Amino acid sequence: MLEDTSLREWDIIETEEHYKSRWISIRILYLTMFFSSVGFSIVIMSIWPYLQKIDQTADASFLGWVIASFSLGQMVASPVFGLWSNYRPRKEPLIVSIFISVMANCLYAYIHVPASHNKYYMLVARGLVGFGAGNVAVVRSYIAGATSLQERISSMANTSACQALGFILGPVFQTCFALIGEKGVTWDAIKLQINMYTAPVLLGAFLGVLNIILILTLLREHRVDDSGRQCKNVNFEEASTDEVQFPQGNIDQVAVLATNVLFFVVLFIFALFETIVTPLTMDMYAWTRKQAVLYDGIILAALGVEAILIFMGVKLLSKKIGERAILLGGLIVVWVGFFILLPWGNQFPKIQWEELHNNSIPNTTFGEIIITLWKSPREDHNEGPTGCPIEQAWCFYTPMIHLAQFLTAAMLIGVGYPSCNVTSYTLYSKVLGPKPQGVYMGWLTASGSAARILGPVFISQVYTSWGPRWAFSLVCGIVVLTIMLLGVVYRRLVPFSVRHGRIQE
């Protein structure tokens, strides 16, 4: 329960009309996050199969760079859009960023056209989509400034729930588009192939256009203080921000830095898990490209449903135990999930038998090769060989991760990640206080983007070279260090107004 302990002259009573307009604008931003997450996730499970199809020179390590390019673009754009939103109407950076994403999706639909180097065109297209996704900083700063402390966790959870719903429907749409097949239909006049890989990005472009229309017609500028009272001169279109007065006090920079690190690790963990799902399942369970798109899409969609339930639960639980306790509990659950994911037993993954052209395989006898060949079913040659590639030497001595083991770990990570995600940036917004947060939110989003760059690169390199045992062991170690950091700064993660005695928690 929050009690106001002081009156500030820069506050005015919020009218009913202002209240309705404020919440309409916030809901428009919910849709912005939903459409953006659909546009991003609708191709995430098909990137690796499509990359293999259009460019035979691409390997699993390059996949990490393709996925990381999205986050690199977002990392560069987030502080820029955040700074922009502090001084201009927030419609401007939102519309520009969405337009860039629409154009990038159109580019993705044409990466099959060049005669060579197709994988680099995919790299550029995903990077531009990420640059457009820098509007997340604008959305978070808007919601932080347009909600009271009591409203904040609910609004942030709703924002994350809309993102999660987008991540659910994205793989679902991708699964539905898989019915079109790899060939699909071709519109020769404009050299456009509409197949299971390009149809999703075209839908993403359409949603982006719809998003721009909604922002232009319905979004208005609003700002309230930590107690929920309207601030003067909140509409950038009607008055200058120079006339707005904000409470004095220094922001706890240690808490700001620590929260950025915590958010980085949370996004790092999920990015590497999201990246490794398709290669891991194709290696462990000998799934074809089409099977991987279908089954992994279903798994991620299920995790999205789980995430929405967690977000709704966080809204209720935070009122009883607070965001800091939820963040700590979420990190512990994530650690348990990755610990379960460690390989064990004496059953090994199937090897890609079609790749066995000689007997120079490490730690494998001629008899073991014959047994492997005998037990390996004949795959559809159009799909290519299935199983664990012989280039990955660890395939011969690392036990496989059982499907039940993988699903259990995924379920736990699906509980811990959304809990940590929403509570970390909710705490961050409270630590910053009622001042304009565009730049700070830009840096937070940039730290998350850096995590999405390093996570895929880290996991693809370690997984390819050393296998899942080393990869997931290192992740467990990173989570332990993060829990220790949270313990050190636990008492400093308090709202700005509470820290300066304006509101009692």
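Select α9 and go to valine 277, where the helix bends by about 40 degrees; proline 279 follows within four residues. The bend at a residue is the angle between axes fitted to the seven residues ending there and the seven starting there. Helices are DSSP runs of H or I with at least four residues, strands are runs of E with at least two, and both are numbered from the N terminus.

The model is predicted: local features need pLDDT of at least 70, side-chain atom pairs count only at pLDDT 80 or more, and totals for chains, interfaces and linings use all residues. Residues are numbered from 1 along each chain as its sequence is written, and side-chain values use heavy atoms, with hydrogens and water left out.

**Along α9**

Buried means under 20% relative accessible area, exposed means over 50%, and partly exposed is in between (1.4 Å probe, protein chains only).

Now select asparagine 260, which is in α9. Its relative accessibility is 12%, so asparagine 260 counts as buried. Its side chain reaches the backbone oxygen of valine 256 at 2.9 Å. A polar contact of 3.4 Å joins the side chains of asparagine 260 and tyrosine 428. A polar contact is a pair of N or O atoms within 3.5 Å; within protein, one must be able to donate a hydrogen and the other to accept it, and residues adjacent in sequence count only if both atoms are side-chain atoms. Leaving out residues up to four places away in sequence, asparagine 260 touches Tyr428, Trp443, Leu444 and Ser447. Contact here means heavy atoms within 4.5 Å.

Go to the residue just after the helix. Alanine 286 takes a positive phi of about 55 degrees.

**From the start of α9 to arginine 492**

At the other end, select aspartate 252. One of its side-chain oxygens reaches to within 3.2 Å of the backbone nitrogen of valine 254. Which residue meets the side chain of aspartate 252 in a salt bridge? Arginine 492 does, at 3.1 Å from N to O. A salt bridge is a side-chain nitrogen of Lys or Arg within 4 Å of a carboxyl oxygen of Asp or Glu. Aspartate 252 is buried at 7% relative accessible area, whereas arginine 492 is partly exposed at 38%.

**Further salt bridges**

The whole structure has four salt bridges. Select glutamate 221 and arginine 90 for another one of them, with N to O at 2.8 Å. Glutamate 221 lies in the loop between α8 (199-218) and β5 (230-231), and arginine 90 in the loop between α3 (60-87) and α4 (91-108), so the pair ties together parts that are 131 residues apart in sequence. Both residues are buried.

Next, select glutamate 323 and lysine 430. Their closest N and O atoms are 2.9 Å apart in a salt bridge. Glutamate 323 is in α11 (residues 323-340) and lysine 430 in α13 (residues 403-432), 107 residues apart. Glutamate 323 is buried at 8% relative accessible area, and lysine 430 is buried at 10%. Apart from neighbours within four places in sequence, the contacts of glutamate 323 are Ile153, Ser318, Thr423, Thr426, Leu427 and Lys430.

**The cysteines**

Select cysteine 388 and cysteine 395, which form the one disulfide in the structure. The sulfur atoms are 1.9 Å apart; the cut-off for a disulfide is a pair of cysteine sulfur atoms within 2.5 Å. The torsion about the S-S bond is about -60 degrees, so the disulfide is left-handed. Cysteine 388 is buried at 0% relative accessibility, and cysteine 395 is buried at 1%. Two further stops are cysteine 476, which is buried at 7%, and cysteine 176, which is partly exposed at 44%.

**The whole chain**

Buried residues make up 59% of its 505 residues. Among contacts with a separation of 6 or more, 85% are between residues 24 or more positions apart.
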